[in-house]
Amino acid sequence: MPVRADGSAGEFDAILFLSFGGPEGPDDVMPFLENVTRGRGVPRERLEEVAHHYMHFGGVSPINQLNRDMIASLRAELDARGTDLPIYFGNRNWYPLVADTLVQMYDDGHRRILAFATSAWGGYSGCRQYHEDIERSLVALHEARPQSVSADPVLVRKLPQFWDRSATLTAGRDAVLRAASRLPAADVPPRLVCTAHSIPIVADAASGPEADGGQLYSRQVAQAAQRVAEMAGFAGHDQVWQSRSGPPQVPWLEPDICDHLEAIAAQGVSQVIVFPVGFVSDHVEVVWDLDNEAAQLADELGLDYVRAETVGTDPRFIAMVADLVDEYRRGTGDLDVLGVGDSGTPCGDGCCGRSVRRPATRP
Ligand SMILES: CC1=C(CCC(=O)O)c2cc3nc(cc4[nH]c(cc5[nH]c(cc1n2)c(C)c5CCC(=O)O)c(CCC(=O)O)c4C)C(CCC(=O)O)=C3C
Ligand SMILES: [Fe+2]
């Protein structure tokens, strides 16, 4: 059993399901977007444009319900294994805010907490920022319960990145195959296009050990997509990026999915399968940017377009999350893998990019 920083041999006693958060009504949209983009130099016009995407769904992001569904599935899976750790839900950008959830967990008596973050990836937005969310919440807990926390501290251990777990990739493969089966028969095989959230080129360069040339996030995404494509029997695939933000003069990962659809249509491609490798659930960036924008463009270009499901509803994916919990709850999980860190300590030297402090606020 690995030696732990706090020297204790105790088991973990609760799970924090940590996610991005999303608005639950029209009045939440702008304050939510301000939380997401505080200090990031995202132009007002971009925020207003994104606010329209949310308004298209009545100001309600599907992400919260999807997370609650995932939590219910995880609960059932853990119960079936006889693992009775309670699961709590907390978000970076919207209610329930992780800082509030942590106070609740503490008041309920939990002192050793495993955190599962809904991003599979390394890099600042997908990994490091979740460590920062934990750290910031611990600071807030200390302010809310100063005497108790000093005398009786709490440990929050973040679970590893899971983009390369076999269940993640197998669920992706089957989602691609199901999508492919919805395409009408054609002479030429369909093009598999794998998409993930774009990030600024400098953010990508800053993620991952410098010795490996950085680019941890884009390399992980490329590898996951490659594996899924191979497993689904595709000779090749295209890697694209979506939902770019920020000022237009700042370079982000490219090609953008829409530019790419135009390019392949011009090459004579007639069918496309879009697989959102970068996300675990069908939230706004999937149901707007892919099912609406990209699908409409494909229609205009005369492309048959199908979008593969995200992996978060696949029972094998949920079982994988339960495996992570089981591996780490007794302290036997590997502490030396990417994504794992205690109480906000980032997972490795130079692993996931520079820190940018940015507390979420209430409306
Ligand atoms: C790598 C990555 C993931 C995947 C890893 C993970 O899952 O964590 C991800 C997920 C998500 N991104 C989401 C939403 C947004 N992302 C934004 C902005 C940004 N994302 C970035 C990166 C990522 N984002 C970046 C570098 C920015 C620029 C601002 C900044 O540096 O932080 C903005 C601001 C408006 C805009 O400009 O688009 C919104 C609204 C939602 C929730 C959707 C819903 O509500 O249903 C989810 C799951
Ligand atoms: Fe994002």
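Helix 7 (residues 166-181) packs against helix 13 at an angle of about 170°, and their axes lie 8 Å apart. Axes here are lines fitted to C-alpha atoms, for helices over the stretch in contact, and angles run from 0 to 180 degrees between N-to-C directions. Helices (H or I, at least four residues) and strands (E, at least two) are DSSP runs, numbered from the N terminus. Helix 7 and helix 13 are therefore roughly antiparallel. The scheme counts angles under 35 degrees as roughly parallel, over 145 as roughly antiparallel, 65 to 115 as roughly perpendicular and the rest as oblique. On helix 7, the contact uses Ala167, Thr168, Thr170 and Ala171; on helix 13, it uses Arg316, Phe317, Ala319 and Met320. Two residues are in contact if their C-beta atoms, placed from the backbone, lie within 7 Å. Five residues of this contact are nonpolar, two are polar and one is charged. Ala, Val, Leu, Ile, Met, Phe, Trp, Tyr, Cys and Pro count as nonpolar, Asp, Glu, Lys and Arg as charged, and the others, Gly among them, as polar.

This is a predicted model: local features need pLDDT of at least 70, side-chain atom pairs count only at pLDDT 80 or more, and totals for chains, interfaces and linings use all residues. Residues are numbered from 1 along each chain as its sequence is written, while chains are lettered from A and ligands numbered from 1 in the order in which they are written.

Now the domains. The chain is assigned domain 1 (14-162 + 314-342) and domain 2 (166-311); such bounds come from an automatic or database domain assignment. The C-alpha centres of domain 1 and domain 2 are 25 Å apart. Their contact takes 27 residues from domain 1 and 24 residues from domain 2. On the side of domain 1 that touches domain 2, helix 2 (44-55), helix 3 (63-80), helix 5 (124-144) and helix 13 (315-329) each supply at least two residues. Helix 13 gives the largest share, four residues. By class, that side of domain 1 has 14 nonpolar, 10 polar and three charged residues.

Next, the ligand. Ligand 1 is surrounded by 25 residues, and the closest are Gly22, Ser119, Ser245, His283 and Val284. A residue counts as near if its C-beta atom, placed from the backbone, lies within 6 Å of the molecule. Helix 1 (29-37), helix 2, helix 5 and helix 11 (284-287) each give two or more residues to this shell. Helix 1 gives the most, with three residues. The shell has nine nonpolar, 13 polar and three charged residues. Domain 1 and domain 2 each provide at least three residues of the shell.

Helix 10 (residues 257-266) meets helix 12 (residues 289-300) at about 15°, with axes 10 Å apart. This pair is therefore roughly parallel. Ile257, Cys258 and Leu261 of helix 10 touch Glu293, Ala294, Leu297 and Ala298 of helix 12. Six of the contact residues are nonpolar, none is polar and one is charged.

Last, the backbone. Most residues other than glycine have a negative phi, and most peptide bonds are trans. The bond from Tyr95 to Pro96 is cis, with omega near -10°. Pro96 sits in the loop between strand 2 (87-91) and helix 4 (98-107). The bond from Glu254 to Pro255 is also cis, with omega near 0°. Pro255 lies in the loop between strand 6 (238-242) and helix 10. Gln215 is not a glycine, yet has a positive phi of about 55°. Gln215 belongs to the loop between helix 8 (201-205) and helix 9 (216-231).
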